[in-house]
Amino acid sequence: MAVSQNKPLPKNIKYGIVLDAGSSHTNLYVYAWPAEKENDTGVVHQVEVCKVEGLGISGYSQDTEKAGLSLQQCMKRAQEVVPEQQHGETPVYLGATAGMRLLSLQNRSIADRVLSAVEKTLHSSPFNFQGARVISGQEEGAYGWITINYLLGNFRQPGWLNFLPHLRSSRGTSGALDLGGASTQITFVPDQEPIESQENSLHFRLYGKNYNVYTHSFLCYGKDQALRLKLASDLQASSTRNGSLLDPCFHPGYLRIMNISDLYMNPCIANGEQQLPFTQLHLQGNGDYQRCRMTIQKIFNTSHCPYSSCSFNGIFLPPLQGEFGAFSAFYFVMNFLNLTTEKNPVPLDKVTSTVERFCSRPWHEVKAEFPKIKEKYLSEYCFSGTYILSLLENGYGFTTEKWQSIQFLGKIGSSDAGWTLGYMLNLTNMIPAEKPPTRPLSHASYVGLMVFCSLVLVAVLLLGWLTFHKPKCLQKGLI
Ligand SMILES: O=P(O)(O)OP(=O)(O)OP(=O)(O)OC[C@H]1O[C@@H](n2cnc3c(O)ncnc32)[C@H](O)[C@@H]1O
């Protein structure tokens with residue numbers, strides 16, 4: 001049955017499984033780490049990911065049986081990856097994100113039904129199922145931040161700093177920018193302390209170090225919901241009588257028909273449906289980046305700020321600080337547009353001109369060039385690219401200069417950037433508050449270091465003696 005059971009089994013490896021139930025999909029991640037090093041940082045790696053395409057929370061709510069089957073397929077894959085004798089001890093966690101937060105707001109009983117259907121499937125697996133729950137936006141932001149800093153090795157503290165605790169600082173961590181389908185998160189360690197708004201403030205003590213972290217999750221500002229917000233705002237501003245709308249965020253020649261009820265059946269959009277004299281929306285693209293940007297701008301309310309500084313919608317945002325890793329849809333979109341590089345970030349003006357050029361391309365040409373890409377994704381890269389620029393530049397204030405501190409990340413090593421690893425590390429207590437006691441140096445290194453220091457000391461003393469006590473004959477010869 002198991003693929004990996006034909007191979008020799010690695011010894012002392014532990015496993016953990018996390019399911020990410022998003023708004024449009026479910027992903028199952030299998031993580032592995034050496035048992036004897038589990039409290040070290042950076043030792044856990046993703047060894048498998050199983051994507052259940054098109055079956056997210058919206059899928060579950062419509063067809064729980066089909067969703068259950070897809071889930072079983074991914075659980076089967078996990079059974080193949082984890083050695084059979086370890087199934088019983090391998091924990092499985094399921095976290096549902098913004099799609100489920102929205103579904104709970106819309107209809108609590110459907111949301112509960114979805115979770116219990118999922119729980120039933122997971123209870124019947126041979127693994128040690130630990131529960132399914134909806135994670136909060138704050139948790140999603142925090143666990144994403146923990147994941148990328150864990151994988152980037154930013155929680156590692158040079159041993160010598162233990163002797164100089166006053167030099168320890170929380171700088172050197174990377175901020176996290178996560179763009180989902182239904183929500184988006186920004187999380188980083190700001191310079192400014194204390195953090196002005198309590199609900200955006202988190203405190204962690206990890207490996208003996210304190211971190212005061214700022215985080216905010218914007219529900220309804222994931223890229224799918226943001227498109228709906230934009231369309232609802234366009235409709236409100238338009239005087240269309242028949243439901244036809246020219247949309248600058250889609251390619252010239254692109255047509256899309258949407259049911260008005262689908263657009264408004266959503267807690268993100270205040271109900272304005274009943275005033276409309278049509279039931280369908282006919283979108284016609286005209287690929288105009290500048291106009292697209294203007295229409296998107298309207299979904300960010302920047303008219304009030306009860307703090308010293310805000311992002312939008314009156315939400316506190318301290319001055320941006322340090323490097324940022326941008327993942328999930330930030331990466332998917334930028335990667336499609338060839339704007340992600342391993343080393344130097346692509347400058348903001350080049351990103352803007354690339355998106356502008358892409359938006360202006362006729363739809364038939366784009367479709368012919370990328371026949372293998374899902375039409376939903378392909379048709380929305382123009383909107384998504386423009387939305388990312390609006391959110392980062394106007395929403396968060398990444399100027400041309402600050403833009404250079406953003407790295408678009410898909411994977412770090414073999415692991416996907418996202419909240420799931422941070423979630424598992426926390427629930428399995430694999431990130432201790434205090435640094436695990438380790439001997440700073442082995443005996444041999446200690447002896448070597450002492451010998452080296454003694455030689456340097458002797459050399460310095462000799463040099464000093466030669467400089468200040470030159471032999472008399474030499475001094476005479478010089479006069
Ligand atoms: O946290 P929430 O908001 O629930 O979001 P999610 O869990 O659905 O979010 P993901 O990070 O999985 O995906 C983010 C969005 O990117 C979309 N997406 C996934 N793969 C993509 C690709 O290759 N190209 C473009 N978009 C993609 C996906 O449909 C979502 O709208």
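**Exercise 1. Helix 6 and helix 12**

Task: In this predicted model, at what angle do helix 6 and helix 12 pack, and which residues make the contact?

Solution: 
1. Two packed helices are described by the angle between their axes and by the distance between those axes.
2. For helix 6 (residues 223–237) and helix 12 (residues 375–395), the angle is about 90° and the axes are 11 Å apart.
3. Angles of 65 to 115 degrees count as roughly perpendicular, so helix 6 is roughly perpendicular to helix 12.
4. Helix 6 contributes Lys223, Ala226 and Leu227 to the contact, while helix 12 contributes Glu380, Phe383, Ser384 and Tyr387.
5. By class, the residues of this contact are four nonpolar, one polar and two charged.

**Exercise 2. Helix 9**

Task: Which residues of helix 9 are buried, and which elements do they pack against?

Solution: 
1. Helix 9 covers residues 329–336, and Ala329, Phe330, Tyr331, Val333 and Met334 are buried there.
2. These buried residues pack against two helices, helix 6 and helix 12. They also pack against strand 6 (175–179), strand 13 (324–328) and strand 14 (406–408).
3. After helix 9 comes Asn338, which has a positive phi, near 60°.

**Exercise 3. The shell around the ligand**

Solution: 
1. The ligand is surrounded by 20 residues, of which Gly22, Thr97, Gly180, Gly181 and Ser328 are the closest.
2. Helix 3 (98–106), helix 6 and helix 9 are the elements that give two or more residues to this shell.
3. Helix 9 provides the largest share, three residues.
4. Sorted by class, the shell has twelve polar, six nonpolar and two charged residues.
5. Both domain 1 (4–134) and domain 2 (137–419) give residues to the shell, so the ligand lies between them.

**Exercise 4. Gln280**

Task: Is Gln280 buried, exposed or partly exposed, and which residues is it in contact with beyond its neighbours within four places in sequence?

Solution: 
1. Gln280 belongs to strand 12 (residues 280–285).
2. A residue is buried with 20 or more other C-beta atoms within 10 Å of its own, and exposed with 12 or fewer.
3. Gln280 has 14 such atoms within 10 Å, so Gln280 is partly exposed.
4. Beyond neighbours within four places in sequence, the contacts of Gln280 are with Gly243, Ile257, Met258, Asn259 and Ile260.
5. Asp262 is 18 residues from Gln280 along the chain, and their C-alpha atoms are separated by 9.5 Å.

Notes
Residues numbered from 1 in each chain as written. Predicted model: local features only at pLDDT ≥ 70, side-chain atom pairs only at ≥ 80, totals over all residues. Axes fitted to C-alpha atoms, helices over the stretch in contact; angles between N-to-C directions. Helix = DSSP H or I, 4+ residues; strand = E, 2+ residues; numbered from the N terminus. Parallel < 35°, antiparallel > 145°, perpendicular 65-115°, else oblique. Contact = placed C-beta atoms within 7 Å. Nonpolar A, V, L, I, M, F, W, Y, C, P; charged D, E, K, R; others polar. Near = placed C-beta within 6 Å. Domains from an automatic or database assignment.
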